Amino acid sequence: MGNSRSDIEVIYSAEAIAERMDGLAQEIAQLDSKKLAVIAILKGSFVFAADLIRAMHRAGMDPEVDFITLSSYGKSTVSSGTVDILRDVAIDVAGRDILLVDDVLDSGRTLAYAKDLLSARGAQSIRTCVLIEKDVARAVDIGADFRAFKSQNVFVVGYGMDMAYQFRELPFVGRVVNT
Ligand code: IMP
Ligand code: MG
């Protein structure tokens, strides 16, 4: 299928993303928690999380960082409705202040699942931060405490996000056209 970059329409450029990162970290730095544990939901959030934690450092924070791999999509662009843990966190979250980081808030199932999981394990507080909050009706009633951007109901790729395992390497957020 020869995915040339001309198949992707830029929604948020690399420059726009970089500009937003420090402001977002400043918002997070207003939390009164001293020692946040950032838990990035893989795989889609890995590029965002990498930029966000460095912006958090510039904002004077020193978070611990861990990862959880969840899956709800597989190769499809429509949420399957069930969330599976493919790989769990390593840290003990009991009593901790958590910042859950994900790429996209869409149906809400992934973030809600992660939040419930960490809450059941005794996390003291759980805040959520997403790169993109989609303007759609959620299947689960959950919002993001922090968001970099909003988007309409389009399937976005790039900046770590994939469509059928492609486009994660793009430095911008875009949408696939003509495919
Ligand atoms: P939700 O569980 O329906 O809220 O979907 C959130 C998860 O699905 C995110 O962690 C993303 O990995 C993935 N996802 C949702 N929408 C998109 C998209 O437009 N592009 C890429 N991944 C998406
Ligand atoms: Mg994801």
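The loop between strand 8 and strand 9 holds Ala164, and Phe167 lies in the loop between strand 8 and strand 9 as well, where helices (H or I, at least four residues) and strands (E, at least two) are DSSP runs numbered from the N terminus. This is a predicted model, in which local features need pLDDT of at least 70 and side-chain atom pairs count only at pLDDT 80 or more, while totals for chains, interfaces and linings use all residues. Residues are numbered from 1 along each chain as its sequence is written, and side-chain values use heavy atoms, with hydrogens and water left out.

**Backbone geometry**

- Most residues other than glycine have a negative phi, and most peptide bonds are trans.
- Ala164, although not a glycine, has a positive phi of about 50 degrees, and with a relative accessible area of 27% Ala164 is partly exposed (buried means under 20% relative accessible area, exposed over 50%, and partly exposed in between, with a 1.4 Å probe and protein chains only).
- Phe167, also not a glycine, has a positive phi of about 80 degrees, and Phe167 counts as buried at 5% relative accessibility.
- Leu42 and Lys43 are joined by a cis peptide bond with omega of about 5 degrees, and Lys43 is placed in the loop between strand 2 and helix 2.

- An open sheet of 3 strands has the order 1-9-8 with antiparallel pairing, two strands being paired if DSSP finds at least two bridges between them.
- Strand 1 (8–12) and strand 8 (156–157) stand at the edges with a single partner strand each, so one side of each is left without a neighbour in the sheet.
- Strand 8 pairs with strand 9 (residues 173–176) in the antiparallel sense over 2 bridges, and Val156 has Arg175 in strand 9 as its bridge partner.

- Strand 2 (residues 36–42) and strand 3 (residues 64–71) run parallel and are joined by 6 bridges, with Thr69 in strand 3 as the bridge partner of Leu42.
- From strand 2 the chain crosses through helix 2 (residues 46–58) to strand 3 in a right-handed β-α-β crossover, meaning that, with the strands pointing away from the viewer, the path from the first strand over the helix to the second runs clockwise.
- Strand 3 pairs with strand 4 (residues 84–87) in the antiparallel sense over 3 bridges, and Leu70 stands opposite Ile85 in strand 4.

**Asp103**

- Asp103 is found in strand 5 (residues 97–105), and its contacts (heavy atoms within 4.5 Å), not counting residues up to four places away in sequence, are Gly44, Ser45, Val130, Leu131, Ile132 and Met161.
- Asp103 is buried yet has no salt bridge, and the nearest side chain of opposite charge, Arg168, is 5.9 Å away; a salt bridge is a side-chain nitrogen of Lys or Arg within 4 Å of a carboxyl oxygen of Asp or Glu, and Lys and Arg count as positive and Asp and Glu as negative, with His and the chain ends not counted.

Conventions
Chains lettered and ligands numbered in written order.
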